[in-house]
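Have the model open beside you, and let us walk through it together. We will look at confidence, strands, backbone and pockets.

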Amino acid sequence: MLFEMGRPTGQGNEADAILARADELGARLAALRAEIGRVIFGQTEVVDLALTGILSGGHVLLVGVPGLGKTRLVDTLGRTLGLDTKRVQFTPDLMPADILGSEVLDEASETGRRAFRFLPGPVFCQLLMADEINRASPRTQSALLQAMQEGHVAVAGHDRPLPRPFHVLATQNPIEQEGTYPLPEAQLDRFLLQIDLRYPAREDERAMLLATTGAHAPDVTAVLSAEELMGAQNLVRHMPIGNAVVDAIVNLVRDGRPDGSGLAMVRDHIAWGPGPRAAQALMLATRARALLDGRLSPSLADIAALAPSVLRHRMALSFGARAEGVTLEAVIDAMVARIGA
């Protein structure tokens, strides 16, 4: 649905219904952010980006050094969103069956008949935390590809649907690379956002120390249910969006491809750029960010805020660019500047 002259185009009743649903959901999302803030100190931008990814119906890759609260963030999101959450600690010896599940041979005690029974793995949940996903072998990493893209997995020749909604929140340590297997580009592209975590501000770190080392640690309760979350995700796809924002998304993504970019910095320093899935991710994420912020329609500012998280894992610097000290962040900033945000 496009957005023109201050209100959605199309049927009046449909537009009014979207407005009413957005207003109602805005209050719930404000309460959700407040509940998360009881246990996640600072990191407001990280929390908002993670919620944006989930509201968009996508998967999120969290990158940061140990001890920044990545695991706690995922656990808190699962509980406040009312989702069935499971965690897998990825290691080099983890096998695909450890994630997907396997069939076992059962024998009935009364009749002695034998039959295969499927034991579902941890992927059969609504929110899967893939901790240090780059420590697993490529074979195990690939076990998540079908699940992340299609919402079902094939085990023993049978397609088995996953619960809905289904989200993967994976973590990576950007420092220690010994014994790791970098994710292939095809799997990185399945993550709607890559969120880089920084160290907290001094006052936030002080508040966290006081709250988490006492006798009574803060806890959270569910603010939304899984059904309400799916309703919010459906609303995101119905939110109006302006022609100017659509054109800016298309121009931004196409500018990141070295073979046709109008930006010399991209042509000279980028080995490969974002595909159409990046534009789809940015389209959904801008709508979700606007809804999270209490606005009906996204703006160019939403594109500028989300571009690094959408693009940084979908682009690669050339060898020469790395040798010259060029950063991907600088390239993305130059691309964003061209859309006038």
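What follows is a short briefing, grouped by topic.

This is a predicted model, in which local features need pLDDT of at least 70 and side-chain atom pairs count only at pLDDT 80 or more, while totals for chains, interfaces and linings use all residues. Residues are numbered from 1 along each chain as its sequence is written, and side-chain values use heavy atoms, with hydrogens and water left out.

**Confidence**

- The protein chain has an average pLDDT (the predictor's confidence in each residue, from 0 to 100) of 87, and 94% of the residues reach at least 70.
- Residues 3–8 fall below 50 in pLDDT, and this stretch makes 16 contacts (heavy atoms within 4.5 Å) in the model beyond near neighbours in sequence.

- Helices (H or I, at least four residues) and strands (E, at least two) are DSSP runs, numbered from the N terminus.
- The parallel strands β3 and β11 are joined by 5 bridges, and Val-63 has Asp-196 in β11 as its bridge partner.

**A hairpin and some backbone details**

- β8 (residues 152–155) and β9 (residues 158–161) are antiparallel and pair over 4 bridges, with His-152 opposite Pro-161 in β9.
- These two strands, β8 and β9, form a hairpin with 2 residues between them, and Ala-156 in the turn has a positive phi of about 55 degrees.
- In the loop between β9 and β10 you will find Pro-165; the peptide bond from Arg-164 to Pro-165 is cis, with omega near -5 degrees.
- Gln-43, a residue other than glycine, has a positive phi near 50 degrees and sits in the loop between α1 (12–36) and α2 (44–55).

**Pockets**

- A pocket, on a 1 Å grid over the protein atoms alone, is an open set of points where a 1.4 Å probe fits, with protein on both sides within 12 Å along at least five of seven lines; lining residues have an atom within 4 Å of a point.
- The largest pocket holds about 660 Å³ of space, a volume being the space filled by probe spheres set on the points, which are joined across faces, edges and corners.
- Its lining has 29 residues, with Ser-56, Gly-57, Gly-58, Met-148 and Arg-237 nearest the centre of the largest pocket.
- α5 (138–150), β11 (191–196), α8 (226–238) and α11 (276–292) each give at least two residues to the lining of the largest pocket.
- The second largest pocket has a volume of about 570 Å³ and 24 lining residues, of which Gln-172, Leu-188, Gln-194, Arg-312 and His-313 lie nearest its centre.
- Elements giving two or more residues to the lining of the second largest pocket include β3 (59–63), α6 (185–188) and β11.

Conventions: Pairing = 2+ DSSP bridges.
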